[in-house]
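Subject: Structure handover

Hello,

Please find the structure below. My notes follow it.

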Amino acid sequence: MNFPILSSVTFLPLIGALFIFLTQNDADEKNRGAIYVSLFTSFFNLFIALFLWYSFDNNTSDFQFVEEITWISGLIKYKFGIDGISILFIILTAFITPICIISCINSVKTRLKEFLIALLVLETFMIGVFCSLDLVVFYLFFEAGLIPMFLIIGIWGGPRKVYSAFKFFLFTLLGSVLMLVAIIAIYWTTGTTDVTQIYEIKIPEEHQYLLWLAFFSSFAVKLPMWPVHTWLPDAHVEAPTPGSVVLAAILLKMAGYGFLRFSVGMFPNASEYFTPLIFALSVIAVIYTSLVALMQDDMKKLIAYSSVAHMGFVTMGIFTFNTQGIEGSIYQMISHGLISAALFLSVGVLYDRTNSRLIKSYGGLVHIIPKYSLLFMIFALAALGLPGTSGFIGEFLVLVGTFKVNFLVAIVASIGVILAAAYILWLYKRVVFGKLDNIQLKKIKDINFSEGFNLITLSLMVLFFGFYPEPILETIKVSVDNLISNYNFDVGRKITLK
Amino acid sequence: MPFLKFLIPELLLSISTFALLLIGVFIKNSFEIVYRLSIILIMLILLIILTSDIENTKIFNDSFTIDNFSIYSKILILLSSFFILLISKQYISDTKNNKFEYPIIILLSVLGMFIMVSSNDLILFYLGLELQSLGLYVLASIDRDNIKSSEAGLKYFILSALASGLLLYGCSLLYGFSGSTNFEEISRNTGNFNIGTIFGMVFVLVGLAFKVSAVPFHMWTPDVYQGAPTSVTAFFSVVPKVAGIVVLIKFMYLPFRGILDQWQYILVFMSIASMILGSVAAMAQTNIKRLMAYSSIGHIGYAIAGIAAGTENGFQSTIVYISIYIAMNLGAFGCIFLMRRGGKYIEEIEELSGSSKNHPLMSLSLLIILFSLAGIPPLAGFFAKFYIFMAVIESEMYTLAIIGLVSTVLSAFYYIRIVKVMYFDSPKKPFEKFKNLKIYGSILISCVFLVSFFLYPSIFNQIISNIVVN
């Protein structure tokens, strides 16, 4: 057996967390030791993830780096493996985590050590979700992430943290338990929970519909889709900046990934059957939450609602079942991971200085902190999907894919793009331009080194992938084609790939 | 008498219990010595059981069985009594309950449970059950000067005596209609549908449901748990539950196997009712012991769900569940024993407020235990529920599975409410620090077990798959 590289990339952060737990007894709020250990761990993990990408074979849709050992004897195998879709999410996770850790230096004022432990444990669970090829193992990681995130919101959150943490926890748990029923039911119908085997055995069509709905209930809450999105704005608003970043950049993507890997992969007939439902919910999410975002006076809440709208494009793209749509939605997820992370970090920069997230307490920032204003502008434009930023490519591909399938849905969703421009530009105008009314703001300083490092790195990524999408598209291409051809084969259509 | 060698644990237990009683009477202030000797005795018996070759044997006219199943449950009973005695020592001394009878009564209860889990005959079973119950009545009211403790003991005695009466009536019906008190004989004679045996079965079921506190026979639980001294509550919440569930499994799978379709839905109802009531009623509790009472009602609901599945996987999953439940409850009570301020033990959940600042390790342990009780992966509590629902869905009882899983969400609410109090609220006065390695050690063992269980989750399955009831 080869070196278990996927298990290493998954469990390395956990070892880092354990190391911090055992060695760093310093309760001091400026616990440099803990920061250094966690930075080292997460950067090393990023390095392994990039090495994984380097040694990844783009030309096959088979699962690579597969690890398989018996876990629960006679029942379940611990099985890891990645294809072109999951590797990108692993890299995204490994990339976002160090950024969160750096932002902790400014944003987390109490119990830094515990925060870093929670963050590293969370990283393990998130990477585990994208690696696992067994339904039970997947469920384990998917649910386990609730514990650290619940603590992150609840301990380091804002004034309404208890309400938000509970809402987050109970909503997601309630969504997920039905998935557990479905997983066990799959075990008893097919005799295995190994995803690759289920792809081959194929679940009988009459069972697919209920199973699909059970998985859907979990992913819809996690994504989140309208009308079960209400936990997200609360959670985002109350969570500390690094928490919001992880939540928006990675946790939401677990559901999108789940749709691709499990719903479409295992239940093709049901996926086809429920496509109108997904389209309807996606379009409502795009239009309705964009309108809601327009009316927000809290910056974090505005970005949270914009996340729901952006994830609406993701689900819409997945369920077009054509190359452009699915590639677009994966691209959209990656790019939203970068952009929303950057936007939350930008809000965090302001919040750390003034303790206010309200739009009306800002204005005229460009006069005082020009560097910040410039970076914020890049991310704002990326969020509305300006060509030249990564946001554009994702939305464009999704809309192209949707036009091929359903003209009406595509038209309505395009209106969402305009609304996105409206709320983002209006936000930017009210915060950065205008007259400087609030005297408090005159004293604030421009971004410091660590904030600059984070924001500049993210902006470079956003621009790079905006101009040159090839690395991502090339990685996912074969896997997406395989997914679509399997899907088409299963629903009995002629295979049309262009 | 060759059969005596199978009885060594029981004989040793009864003889040395009476020896201890003599020691207690003739030596002044003998709590300390009796307590130590009891712990040594428990370890000794554990050792004897672990080293003896297990043969499936029936003695005394087939009324007493020694098989893997009874051995395993005896090990569970001994282990949990051992840890309970270990962690409750300090509490017993602090609350002036250090009477020498205390460990002796616990030992007698354990003896009763030994007989219960080994019995293969209605009469022997009833004797064992009454022996353990009598011990429990005394234990509940051991804090004689405390009106709440006396009330708990009295309440438990009256209600439990009623349940025992019903159970005995059921036993006599069974005897009358099947012509035998032996489990196998009854099983042979109940194959053909017979209204009398079904009546008997229902009465027996009611009695057993009372003993394990399944809804709708749970009324005594919260009051007794709250009123009794915490050390007794800890014992109540773990050890009799093991014996009760084991006997329930035995009854359902031995004498009543043939009438599965008759009892299955009774158990499904009890399971659903316990799960829902356990989680809904616990939400409003402010006393941690009362909360643990409702929590144990809920957990018994899950355990019964496994039995209700009516398959081999079903009762195996119940045994796994109850084993993991013991580890979680022992840890939880270990943490409750640490809540002491100014020499007084505290039971209000509010008093834990902000304890994560003052007692980071204790709070972390309780956090792990609570998430495990709530059944959140990757902790052991998740696997316990996972196996139960594997069995339930195998029997295609989807409604039971869905209600059960939804009530885990409800129960998660009150578990994470304690986490909220510990971690999100502002700190209050710290608890007393005390150096008690026994408690810390037990909590540590519990937490390490719960956290590392996912590394090898089939550990119990492999032990239990050897267990064959028939």
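How many residues of chain B are in contact with how many residues of chain A? The count is 38 residues of chain B against 34 of chain A, where contact means heavy atoms within 4.5 Å.

First, the ground rules. This is a predicted model, in which local features need pLDDT of at least 70, side-chain atom pairs count only at pLDDT 80 or more, and totals for chains, interfaces and linings use all residues. Residues are numbered from 1 along each chain as its sequence is written, chains are lettered from A and ligands numbered from 1 in the order written, and side-chain values use heavy atoms, with hydrogens and water left out.

The interface

The two chains bury about 3400 Å² between them, 86% of it on carbon and sulfur atoms. That area is the accessible area (1.4 Å probe) that two parts lose on being put together, summed over both.

On chain B, the elements giving two or more residues to the side that touches chain A are helix 14 (355–358), helix 15 (360–374), helix 16 (380–394) and helix 17 (398–423). Helix 17 of chain B supplies the largest share, 13 residues. By class, this side of chain B has 29 nonpolar, five polar and four charged residues. Here Ala, Val, Leu, Ile, Met, Phe, Trp, Tyr, Cys and Pro count as nonpolar, Asp, Glu, Lys and Arg as charged, and the others, Gly among them, as polar.

Chain B

Chain B has 19 helices and four strands. These are DSSP runs, numbered from the N terminus: helices are H or I, at least four residues, and strands are E, at least two. The C-alpha trace of chain B spans about 65 × 60 × 40 Å along its principal axes. Of the 470 residues in chain B, 65% are buried (under 20% relative accessible area, 1.4 Å probe, protein chains only).

Two loop residues

B:Ile349 lies in the loop between strand 4 (344–345) and helix 14 of chain B. B:Ile349 counts as buried because its relative accessibility is 4%. Beyond four places in sequence, its contacts include B:Leu291, B:Arg417 and B:Val421. B:Leu291 is 58 residues away in sequence and 9.2 Å away in space, C-alpha to C-alpha.

A:Thr389 sits in the loop between helix 17 (370–383) and helix 18 (390–405) of chain A. A:Thr389 is also at 4% relative accessibility, so it counts as buried.

Best wishes

Technical notes:
Buried < 20%, exposed > 50% of the residue type's maximum accessible area, 1.4 Å probe, protein only.
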